[in-house]
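Thank you all for coming.

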Amino acid sequence: MEYSRDEIKEILKKKVIIERLELEEVTPSDIADDENLFDENGLALDSVEALDIVTGISEVFEIDTSKISQEDLNKGFHTINQITDYIVEEENN
């Protein structure tokens, strides 16, 4: 199923980040699209949570994430916008 960029962002925030990581006090509006999710000024997520996000992307968007390396995570999975770019690219392949 193909989603618009805005739909992807909303699903990422609600289902993949808030629900999967059980961030009960966080709302989608608390997460800026260009905010570094791993920075102290952001959600301050850790590497275990990063892997949980990757698993969530795989399950929710039905994308094969097995080829995502630790280096990819370190470079390109810091913001909602970066993760959305990845999902859009994978959906178009």
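Predicted model: local features only at pLDDT ≥ 70, side-chain atom pairs only at ≥ 80, totals over all residues.

Let me begin with Leu12, which, once its neighbours within four places in sequence are left aside, is in contact with Ile17, Ile57, Phe61, Ile80, Ile83, Thr84 and Ile87; contact here means heavy atoms within 4.5 Å. Residues are numbered from 1 along each chain as its sequence is written, and side-chain values use heavy atoms, with hydrogens and water left out.

By nonpolar core I mean a set of buried Ala, Val, Leu, Ile, Met, Phe, Trp, Tyr and Cys residues joined through side-chain atoms within 4.5 Å, and buried means under 20% relative accessible area, with exposed over 50% and partly exposed in between, using a 1.4 Å probe and protein chains only. As general background, nonpolar side chains in soluble globular proteins tend to be buried together.

Which elements does the chain contain, then? The protein chain has four helices and zero strands, where helices (H or I, at least four residues) and strands (E, at least two) are DSSP runs numbered from the N terminus.

Are they buried or exposed? Lys9 counts as buried because its relative accessibility is 14%, and Lys13 counts as buried as well, at 9%. Not counting residues up to four places away in sequence, Lys9 touches Asp33, Ile80, Asn81 and Thr84, whereas Lys13, with its neighbours within four places left aside, is in contact with Ile18, Pro28, Ile31, Asp33 and Ile80.

Glu22 is exposed, with a relative accessible area of 62%, while Ala44 is partly exposed, at 34%.

At the start of α2, a side-chain oxygen of Asp46 comes to within 3.1 Å of the backbone nitrogen of Val48. The buried residues of α2 are Ala50, Ile53, Val54, Gly56, Ile57 and Phe61. Seen down the helix axis, these buried residues fall within an arc of 160°, so they line one face of α2; the arc is that of the directions from the helix axis to the C-beta atoms. The face turned away from that buried side carries the exposed residues Val48 and Glu59, and what covers the buried residues of α2 includes α1 (5-19), α3 (70-76) and α4 (80-92). After α2 comes Glu62, whose phi is positive, near 55°.

That brings us to α4, whose buried residues are Ile80, Ile83, Thr84, Tyr86, Ile87, Glu90 and Glu91. They cover an arc of only 160° around the axis, which puts them on the same side of α4, and they pack against α1, α2 and α3. One of them, Ile87, is buried with a relative accessible area of 0%. Leaving aside neighbours within four places in sequence, Ile87 is in contact with Ile8, Leu12, Ile57, Phe61 and Ile63, and the C-alpha atoms of Ile87 and Phe61, which are 26 residues apart along the chain, are separated by 7.8 Å.

Let me finish with the chain as a whole. Of its 93 residues, 38% count as buried, and residues 24 or more positions apart account for 58% of the contacts with a separation of 6 or more. Along the principal axes, the C-alpha atoms of the protein chain fill a box of roughly 35 × 25 × 20 Å.

Note on methods: Polar contact = N/O pair within 3.5 Å; in protein donor to acceptor, adjacent residues only side chain to side chain.
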